[in-house]
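Colleague: I want to see where each label comes from. Can you take me through them with the cut-offs?

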Amino acid sequence: MPEPGGSFVRGLESGANIAGFTKGTASSYITSSTWLHRQHGGSDDVDNLALACHRYNLHKGPNLSGVDPLTGAVEILFHPRRDHWPKHFAFRGAYLEGLTPAGRVTVEVLALNDARRIELRQELLALGDLT
């Protein structure tokens, strides 16, 4: 488990923007997850952990890639520890748009625009808890 104040948790503690959530809201919805699952050679080492919401974890599973709905090419998913969120995604109200192949694949594989997520984002936008 990551240590308080360690590099893994500094993002939330510093008030960093995690997938559009404000610091207070992120701490309610975000948990840790392994990026590379054991079946692919991953470990529970802190370097393999990433911040993610529970629903993200359910849809991602061991997936590392998906099919880009625009090009039909197989692309690697967005990597939360390596990739820069604003380069790959943009909010259009409560809708999340994938801007790059990795962004589009991630939106599709993780079902980031399913009805429940849109509803939650609408609520968070109304409360000012989504930027």
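Colleague: What makes strand 5 and strand 6 a hairpin?

Modeller: Two residues lie between strand 5 and strand 6. In that turn, Gly93 has a positive phi of about 65 degrees. The model is predicted, so local features need pLDDT of at least 70 and side-chain atom pairs need pLDDT 80 or more, while totals for chains, interfaces and linings use all residues. Residues are numbered from 1 along each chain as its sequence is written, and side-chain values use heavy atoms, without hydrogens or water.

Colleague: How do you know that strand 5 and strand 6 pair?

Modeller: Two strands pair if DSSP finds at least two bridges between them. Strand 5 (residues 89-92) and strand 6 (residues 95-98) have four bridges, in the antiparallel sense. Therefore they count as paired. In one of the bridges, Phe91 has Leu96 of strand 6 as its partner.

Colleague: What counts as a strand or a helix, and how many does the protein have?

Modeller: Both are DSSP runs, numbered from the N terminus: helices are H or I with at least four residues, strands are E with at least two. The protein has six helices and six strands. Their order along the sequence is α-α-β-β-α-β-β-α-β-β-α-α.

Colleague: Why is Phe78 with Trp85 called an edge-to-face pair?

Modeller: Rings of Phe, Tyr and Trp (its six-membered ring) pair if their centres lie within 6.5 Å; planes under 30 degrees apart are stacked, over 60 edge-to-face, and the rest tilted. Three aromatic pairs are counted by this rule. The centres of Phe78 and Trp85 are 5.7 Å apart and their planes stand at 85 degrees, so the pair is edge-to-face. Ring pairs join Phe78, Trp85 and Phe89 into a cluster.

Colleague: Are Phe78 and Trp85 buried or partly exposed?

Modeller: Buried means under 20% relative accessible area, exposed over 50%, partly exposed in between (1.4 Å probe, protein chains only). Phe78 has 8%, so Phe78 is buried. Trp85 has 21%, so Trp85 is partly exposed. Across the 131 residues of the protein, 37% count as buried.

Colleague: What makes Arg92 and Glu97 a salt bridge?

Modeller: The rule asks for a side-chain nitrogen of Lys or Arg within 4 Å of a carboxyl oxygen of Asp or Glu. For Arg92 and Glu97 the closest N and O atoms are 2.7 Å apart. So the pair qualifies. Arg92 is partly exposed at 47%, and Glu97 is partly exposed at 27%. The count by this rule is four salt bridges.

Colleague: How do you know that Arg82 and Asp83 form a salt bridge?

Modeller: Their closest N and O atoms are 3.7 Å apart. That is within the cut-off, so the label holds. Arg82 has 56% relative accessible area, so Arg82 is exposed.

Colleague: Where do Glu119 and Arg116 lie, and why is their contact a salt bridge?

Modeller: Both lie in helix 6 (residues 115-127), three residues apart, about one turn of the helix. Glu119 is partly exposed at 39%, and Arg116 is partly exposed at 38%.

Colleague: Why is Asp68 called buried, and what does Asp68 contact?

Modeller: Asp68 has a relative accessible area of 1%, so Asp68 is buried. Asp68 lies in the loop between strand 3 (65-67) and strand 4 (74-76). Contact means heavy atoms within 4.5 Å. Leaving aside neighbours within four places in sequence, Asp68 contacts Ala73, Glu75, Pro101, Arg104 and Val105.

Colleague: Which residues of helix 5 are buried, and what do they pack against?

Modeller: In helix 5 (residues 101-109), Ala102, Gly103, Arg104, Val105, Thr106 and Val107 are buried. The buried residues of helix 5 pack against strand 3, strand 4, helix 4 (85-88), strand 5 and strand 6.

Colleague: What makes a set of residues a nonpolar core, and which residues form the largest?

Modeller: The set must be buried Ala, Val, Leu, Ile, Met, Phe, Trp, Tyr and Cys residues joined through side-chain atoms within 4.5 Å. The largest has eight residues: Leu77, Phe78, Phe89, Leu96, Val105, Val107, Leu110 and Leu112. In soluble globular proteins, nonpolar side chains tend to be buried together.
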